Amino acid sequence: MKDFESIIDYKFTNKNLLHEALTHSSYANEQRDKGIKCNERLEFLGDAVLSIVVADYIFKNLPELPEGELTKLRAALVCEKALYKFAKQINLGDYLFLSKGEKNGGGADRPSILSDAFEAVIAAIYLDGGIEHAAKHILRFIVPELKNMRKKPFKDYKTTLQEIVQKNPGEKLCYNLVSESGPDHDKHFVFEVLLNSNVIGKGGGRSKKEAEQNAAREALELMGY
């Protein structure tokens, strides 16, 4: 556990919290006569701490994003796929207490186990040192990931959708404004995209172009692209 403390750059006052965070239910069940706790309760708390820290950070640092986009961004940053990636960065699987069966079955590299343990470690840091230490640990992963996500090139969903539709002669796309709301400095537009006369997608945005792009994106998703 000393090695792991060095990796995460946090030294626990209460070592039992770290031990519990690293203990999978399979190991606790295997050692039930010893009264060892698994990390499931800590995972529950860690999920909440992670969510508030990420929400606070993107709310303060991305003032241009509307509520809907903030929600999507937070979801992408705290999903199992992201947490698995973060867990791999600190070799979390090497430090987990797993049952013999779980270990032999590849549990140390299973996304669900690693992402849950990552959240449990967050909770352990929060309980041991408070929200500031927990936030420091979380943002160590979130800030670089956010920068990478925002570096990705703009995807022109409208052009992609148009290219797909053009493969079928006679098919026609058009975009209709459904609603417009809000003051001049904070407008919100909703557009539908129609294939011939059928609505195939709907999207909103702070500009007409953004709303049309989101409508095209939904259409592509529904079409399986």
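**Close-up views of a predicted model**

**View 1. Lys72 and Glu69 form a salt bridge, with their closest N and O atoms 3.7 Å apart.** A salt bridge here is a side-chain nitrogen of Lys or Arg within 4 Å of a carboxyl oxygen of Asp or Glu. This is a predicted model, in which local features need pLDDT of at least 70, side-chain atom pairs count only at pLDDT 80 or more, and totals for chains, interfaces and linings use all residues. Residues are numbered from 1 along each chain as its sequence is written, and side-chain values use heavy atoms, with hydrogens and water left out. Both partners sit in helix H5, 3 residues apart, about one turn of the helix. Helices are DSSP runs (H or I, at least four residues), numbered from the N terminus. Lys72 is partly exposed, at 46% relative accessible area. Glu69 is partly exposed too, at 23%. The cut-offs are under 20% relative accessible area for buried, over 50% for exposed, and partly exposed in between (1.4 Å probe, protein chains only). The structure holds 9 salt bridges.

**View 2. Lys158 pairs with Glu212 in a salt bridge.** The closest N and O atoms are 2.7 Å apart. Lys158 belongs to helix H10 (residues 157-165) and Glu212 to helix H11 (residues 208-222), so the pair ties together parts that are 54 residues apart in sequence. Lys158 is partly exposed, with 25% relative accessibility. Glu212 is buried, at 15% relative accessible area.

**View 3. Glu180, Asp184 and Lys187 are linked in a salt-bridge network.** Glu180 is partly exposed, with 44% relative accessibility.

**View 4. The second largest pocket has a volume of about 150 Å³.** On a 1 Å grid over the protein atoms alone, a pocket is an open set of points where a 1.4 Å probe fits, with protein on both sides within 12 Å along at least five of seven lines. The volume is the space filled by probe spheres set on the points, which are joined across faces, edges and corners. Asn14, Asn16, Leu17, His19, Glu20, Ile36 and Lys37 line this pocket; lining residues have an atom within 4 Å of a point. By class, the lining has 2 nonpolar, 3 polar and 2 charged residues. Ala, Val, Leu, Ile, Met, Phe, Trp, Tyr, Cys and Pro count as nonpolar, Asp, Glu, Lys and Arg as charged, and the others, Gly among them, as polar.

**View 5. Leu17 is a buried residue of helix H2 (residues 15-21).** Its relative accessible area is 14%. Leu17 touches Phe12, Leu42, Ala124, Leu127 and Asp128, not counting residues up to four places away in sequence. Contact means heavy atoms within 4.5 Å. Leu17 and Leu42 are 25 residues apart in sequence, yet 8.8 Å apart in space, C-alpha to C-alpha.

**View 6. Leu92 and Phe118 touch the most other members of the largest nonpolar core, which has 45 residues.** Helices giving two or more residues to this core include H4 (40-61), H6 (80-89) and H9 (131-151). H8 gives the largest share, 10 residues. A nonpolar core is a set of buried Ala, Val, Leu, Ile, Met, Phe, Trp, Tyr and Cys residues joined through side-chain atoms within 4.5 Å. Phe118 touches Leu83, Phe86, Ala87, Ile90, Leu92, His137 and Phe141, again leaving out residues up to four places away in sequence. A second, separate core of 14 residues includes Leu173, Val193, Ala211 and Ala219.
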